[in-house]
Amino acid sequence: MNHEELLYAETHEWLHLTEQDGDKIATIGISAFAVEALTDLVYIQLPEVGQKVSVGKSFGEVESVKAVSDLYSPIEGEVIEVNESLANDLEALSTDPYGKGWVAKIKLTDEGGLANLMDIDSYRKQCSDD
Amino acid sequence: MTSTLAQTPLHSWHVSHVGRMVDFAGWSMPVQYSSIVAEHRATRRHVGVFDISHMGRIRIAGPDRVQFLDHLLTRQMTDLAEGCIRYSLLCNESGGILDDVLVYRFDDQQNAHWLLVVNAGNRNKIASWLDQQSHAFNVELEDLTATTAMIAVQGPLAVQVIPRVIAAPPGHSFAKLKYYQSQPGTFHNTRVLVSRTGYTGEDGFELILPTGSAVELWNAILDCDPDYAAQAVGLGARDTLRLEAGMPLYGHELTEEINPLQAELHFAVNLKGRNFIGRESLQMIQQEIGQPQRVGLKLEGRRVPREGYRVLSDRADVGHVTSGTFSPTLEVPLAMAYVTPQVATEGSKLHVDIRGTSTAARVVKLPFYRRK
């Protein structure tokens, strides 16, 4: 996944949008910036397949030695697939955050949330202001 | 970072070595440089170097210095030998812990004094407390925190590093310095007080020196030999290291609402044949039953128990977590907690409520980690 072409949430999730049989599917992960800020990851709580998620609501959490952070859904929809391999390979979140480090795929039920997302330039600006 | 935070003499070094600076007790301190786990492991395996200049250093001189300290400290001080160090507590009248401190004794004729190393967050409180209590005694108090730096060198190779960097006086050797003893040495003509103490559970040393030589000494330790792989370590790993070693931290396991007996610090309290502030209360507390006790907990899974999380026994609330982490050495989640005495026994099966998920935990003996 080319991270320059992804969309980003203020809460540091990235999103890649595709179409499949007329449905909009979003692959969601955690930005390299956020993973780097967390460091020393020890645990990820993944959402469940079939789970309904909504904009700005927690759908999982990622835990480091120092702190625990919620994963917030940037969109409204239903989880159709989760990256189970992360449970045993948390490293993927830092070594390949936009590839093997993907967290979940969500089928959109509403496109409202998309309007709040940023492109890479706006996201970079947010990170440098943080 | 706001300019109101105090800075140690190593502040610029931390910033230029990408230390992530945080506000710790009013000081701008590095929480980590690379990763907490990497810095933790470097300390357990080789040697970690810590800036602990934020710790308060208070000098006590004057003819009544021994009686004064014996009046304030929970542990007897009159029998402490010259150059030796003792861990002790300061309590209030109700037996609540004001601070936990290291006490150093120096008897040199021209410069006889004692030194208290206190927690950064308690420095002002303790300085005022000492001042307030000193009126009936002929003592002089001086806060040396701003004019000195303090560096900890911890890990199995610390014993090789220190003699290579700091010169011991003729007939002395830092490698032979005993645990909880101190010895002055010199680094480039500057006097450095070397003590065999630490807060990591490893062998190691703590150094006190004038601020002006701090950066030079810090670099000399890091660069002394690439084979030692000495690494700067931030407060993040300092916390995970002390937690594995079962050492309490003020503000977490120790507060004014906690007394030394429930904190399992009996070794640091001498009630017999002496009087000190808090003694009468502690004598009474000793007879009491039912006080929450400090315990170690080992948890299942990988989720981290954090401060304030509830501890449960058969779904009944029996206490709370005061510190927790994912142990980099044991690779399991660990916590220290205060629980009711009924469940405070080793092997006791409990649960910790981790954000709504009840997670199995077992009471284990402290420390969690002991060096070989």
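**Ground rules.** I keep in mind that the model is predicted, so local features need pLDDT of at least 70 and side-chain atom pairs count only at pLDDT 80 or more, while totals for chains, interfaces and linings use all residues. Residues are numbered from 1 along each chain as its sequence is written, and chains are lettered from A and ligands numbered from 1 in the order in which they are written.

**Chain A.** I looked up the secondary structure and found three helices and nine strands. Helices here are DSSP runs of H or I with at least four residues, strands are runs of E with at least two, and both are numbered from the N terminus. The order along the sequence is β-β-β-α-β-β-β-β-β-α-β-α. The radius of gyration of chain A is 14 Å, close to the 14 Å that the globule rule gives for 130 residues, so chain A is as compact as a globular protein of that length. That radius is taken over C-alpha atoms, and the rule is 2.2 Å times the number of residues to the power 0.38. I also noted that the C-alpha trace of chain A spans about 40 × 30 × 25 Å along its principal axes.

**Chain B.** Here I found eight helices and 19 strands. The radius of gyration of chain B is 21 Å, close to the 21 Å that the globule rule gives for 372 residues, so this chain too is as compact as a globular protein of its length. Its C-alpha trace spans about 65 × 50 × 45 Å along the principal axes.

**Where the chains meet.** I see eleven residues of chain B in contact with eight residues of chain A; contact means C-beta atoms, placed from the backbone, within 7 Å. On the chain B side, α2 (36–45), α7 (235–244) and β16 (316–326) are the elements that give two or more residues.

**A stop at Pro292(B).** I found Pro292(B) in the loop between α8 (279–287) and β14 (293–299) of chain B. Leaving out residues up to four places away in sequence, Pro292(B) touches Gln262(B), Gly319(B), Tyr338(B), Val339(B) and Thr340(B). I also checked Ala337(B), 45 residues from Pro292(B) along the chain, and their C-alpha atoms are separated by 9.2 Å.

Definitions and conventions:
Two residues are in contact if their C-beta atoms, placed from the backbone, lie within 7 Å.
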